[in-house]
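Subject: Structure handover and findings

Hello,

Here is the structure for you to look through. My notes follow below it.

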Amino acid sequence: MVRIVPKYTSFDKILRKSPGGILFEFAKDDKIVVTMGLPYANGPAHTGHLRTYIPGDAYTRYLKRFGYDVVFVCGSDTHGAPIEMSARQAGVSPRKLAEKYHEHYSRIFKELRIDVDLFGSTEEPYHHEHAQEIIRILEGNGYIEARTVKLPYCPTCETFLADRFLRGNCPFCGELARGDECDQGCQRYLDADQLKDPRCVTCGSAAEKRETRHHFLKLPMFNDFLLEFNEQLRGTTLARNYALGWIRQGLKDWCISRNLHWGIPYPDDEELSLYVWAENYAGYISFLQEWARQKEVDWKEYWGPDGKIVNFIGADIVYHHAVFWPAMLKGANYDLPWGIVASGMVKVEGHIFSKSRGFVTWVEEDYIQNGIDLDALRYYVLSYTGHIKDLDFTWKGFQIKVNNELVGILGNFAYRTLLFNYKNFGEIQSGLVSESVQKEITQAIEDIREAVSSFKFKEAVDRVMQLAAFGNTIFQQCEPWKSIKEDPERCQSDLYQCLHLLKAIAILVEPAMPTVAEKIWKQLGQSGDIHKTSVKDSTVPLAPITKLPKPKLIFNKIPDEKIEKMTQILNERVQRALNQS
Ligand SMILES: [Zn+2]
Ligand SMILES: [Zn+2]
């Protein structure tokens with residue numbers, strides 16, 4: 001037998017706790033809602049989406065494996081100026097464009113095994129009604145004020161210019177900026193009337209100021225509440241610290257209506273639409289309500305005083321989720337998020353993620369259409385680095401992780417164990433699990449629980465890989481290729497330890513790589529749905545199985561040619577972007 005030495009060397013670091021890590025454990029009977037920032041139905045899924053959605057899914061699966069009652073919802077964010085503008089450019093209706101990308105994200109979620117309990121859309125009537133209801137309650141509670149304001153207006157197009165329909169220069173840094181954000185300069189959020197030399201994006205006319213009526217949420221009324229809310233907020237420190245900085249600078253009234261045709265009509269003022277950032281996250285509740293309606297359960301058990309709400313988001317929308325959204329919830333008498341888990345930034349081949357500069361990988365075009373193992377991609381995202389650090393996607397790095405870790409450690413342990421057993425015994429006989437193997441599994445479960453509870457997904461996934469490395473070590477030490485001749489009974493007993501360990505690995509790796517878990521499960525001849533197992537099942541001794549399928553490789557090595565081809569695709573994309581700019 002060829003001895004394969006894992007090249008992975010960081011295992012000994014895994015169990016060392018990083019300083020300042022905070023453990024947030026749920027109570028046994030807590031009802032939990034996990035939500036993820038809604039994908040904007042204006043373009044296809046890319047590396048940036050993976051950064052939030054894969055950990056969000058793995059987290060939820062781990063909670064479920066640990067026996068918690070969790071509902072996991074997401075859906076498409078379908079309104080707002082960018083969609084109206086893209087639709088106009090494409091010559092289709094905004095609804096058509098939003099539907100196209102809603103279907104895209106529904107499909108991508110399935111392909112990536114992001115197993116939400118409901119994937120809704122903010123264009124659903126139930127969401128329109130719910131979003132309007134929140135605004136009505138806020139108005140009833142005195143948190144919204146209608147005011148006459150002077151806003152940019154295009155005399156040629158005869159329309160008010162919301163957000164992206166307006167361009168001008170940033171008053172802070174002077175760069176070309178959008179009506180809502182200094183997107184090319186200092187990244188500040190802007191009010192449209194702050195822009196210097198504002199112009200209509202559609203026709204280029206100079207914008208003039210005209211009077212119009214708008215609705216404002218009185219954010220300063222929430223100042224003290226928001227400070228307190230963010231100070232006790234769980235999740236990643238990234239979210240909390242960023243939001244506290246903003247709040248301490250002082251909050252201003254926030255305009256929650258827009259002069260847009262495409263959107264949710266503002267309640268009782270239908271000339272205006274609700275600003276997309278005043279309604280999209282209400283989808284978290286709308287989708288939960290819809291799920292609860294279908295399941296005939298009470299949504300308030302989850303989103304209520306006894307529920308725990310965890311929002312997974314990208315770092316770019318912390319402000320919305322830690323300031324606007326909790327203020328709206330508080331003002332409308334809803335319960336508040338328990339935690340916000342904001343992910344770190346994304347790089348592609350060492351460069352800051354940028355669609356316009358070509359430093360992007362597309363989920364469908366690059367990964368799916370080129371037959372990339374999507375479970376391996378999930379593994380890369382989870383195990384590359386800690387959740388709040390920068391994730392750099394590089395094709396070479398992906399190849400190394402797949403070939404050295406997935407093929408070299410996990411795939412190797414699974415295949416050699418299954419194959420040796422299949423060839424020599426053809427079945428799994430009943431056996432006794434050794435104390436040391438059982439202890440190793442129990443310790444791994446506790447370490448994974450702690451890692452997941454402190455949002456350290458890399459540590460959790462590395463810990464499973466450490467179990468596989470342990471498996472390789474015991475397989476090697478037992479030398480079954482010798483004992484099969486000298487002492488078949490011992491050989492069978494040793495192999496039983498490896499098979500039992502492999503079953504535990506299948507269960508513990510399921511949240512990270514659900515398809516891989518299914519493959520191992522099947523090859524071990526296990527019946528039942530692995531996605532419904534509990535971590536406790538991983539210590540239950542493997543039952544005898546008389547009929548085993550012929551083992552197959554769990555992972556395949558990625559050849560250099562593949563990586564060269566994928567790198568070339570990316571290089572060409574960057575070059576095209578350069579030529580266009
Ligand atoms: Zn600026
Ligand atoms: Zn115009």
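Is strand 15 mostly covered or mostly open, and how many of its residues are buried? Strand 15 is mostly covered, with four of its five residues buried. Buried means that 20 or more other C-beta atoms lie within 10 Å of a residue's own; exposed means 12 or fewer, partly exposed is in between, and C-beta atoms are placed from the backbone. Strands (E, at least two residues) and helices (H or I, at least four) are DSSP runs, numbered from the N terminus.

Some ground rules. This is a predicted model: local features need pLDDT of at least 70 and side-chain atom pairs count only at pLDDT 80 or more, while totals for chains, interfaces and linings use all residues. Residues are numbered from 1 along each chain as its sequence is written, and chains are lettered from A and ligands numbered from 1 in the order in which they are written.

**The parallel sheet**

Two strands pair if DSSP finds at least two bridges between them.

Strand 15 covers residues 339-343 and pairs with strand 10 over two bridges, in the parallel sense. Arg234 is opposite Gly339. Gly235 is opposite Ile340. Strand 14 (residues 307-314) also runs parallel to strand 15, joined by five bridges. There, Phe312 stands opposite Val341.

**Strands 6, 7 and 8**

Here the pairing is antiparallel. Strand 6 (residues 166-169) is joined to strand 8 (residues 196-200) by three bridges. Leu166 has Cys200 as its bridge partner in strand 8. Three bridges also join strand 6 to strand 7 (residues 176-178), again antiparallel. Gly168 is partnered by Ala177 in strand 7. Strand 6 and strand 7 form a hairpin with six residues between them. Gly174, in the turn, has a positive phi of about 85 degrees.

**Domains**

The domain assignment gives domain 1 (30-135 + 274-364), domain 2 (141-258) and domain 3 (394-539). These bounds come from an automatic or database domain assignment. The C-alpha centres of domain 1 and domain 3 lie 34 Å apart. Their contact takes 12 residues from domain 1 and 15 residues from domain 3. Contact, or touching, means that the C-beta atoms of two residues, placed from the backbone, lie within 7 Å.

Helix 2 (residues 47-65) gives the largest share of the domain 1 side, six residues. By class, that side has six nonpolar, two polar and four charged residues. Ala, Val, Leu, Ile, Met, Phe, Trp, Tyr, Cys and Pro count as nonpolar, Asp, Glu, Lys and Arg as charged, and the others, Gly among them, as polar.

Leu50 sits in helix 2. Why is Leu50 classed as buried? Because 26 other C-beta atoms lie within 10 Å. Leu50 touches Val363 and Val381, leaving out residues up to four places away in sequence. Leu50 and Arg378 are 328 residues apart in sequence, but 8.1 Å apart in space, C-alpha to C-alpha.

Arg378 and Val381 are among the buried residues of helix 11. In helix 11 (residues 374-383), 10 of the 10 residues are buried, so the rest of the structure largely encloses it.

**Helix 8**

Helix 8 (residues 282-295) has 14 residues. From first C-alpha to last it reaches 20 Å, close to the 20 Å expected at 1.5 Å a residue. That expected span is 1.5 Å times one less than the number of residues. 10 of its 14 residues are buried, so helix 8 is largely enclosed by the rest of the structure. Phe287, Leu288 and Trp291 are among them. The cover includes strand 1 (31-36), strand 2 (69-76), strand 3 (118-121) and helix 5 (125-140). Just after helix 8, Glu296 takes a positive phi of about 55 degrees.

**The core**

A nonpolar core is a set of buried Ala, Val, Leu, Ile, Met, Phe, Trp, Tyr and Cys residues joined through C-beta atoms within 7 Å. The largest one has 175 residues. Val73, Leu288, Leu502, Ile505, Ala506 and Leu508 touch the most other members. Helix 16 (residues 488-509) supplies the largest share of this core, 13 residues. Ala506 touches Ala517, Ile520, Trp521, Leu524 and Ile530, not counting residues up to four places away in sequence.

Best wishes
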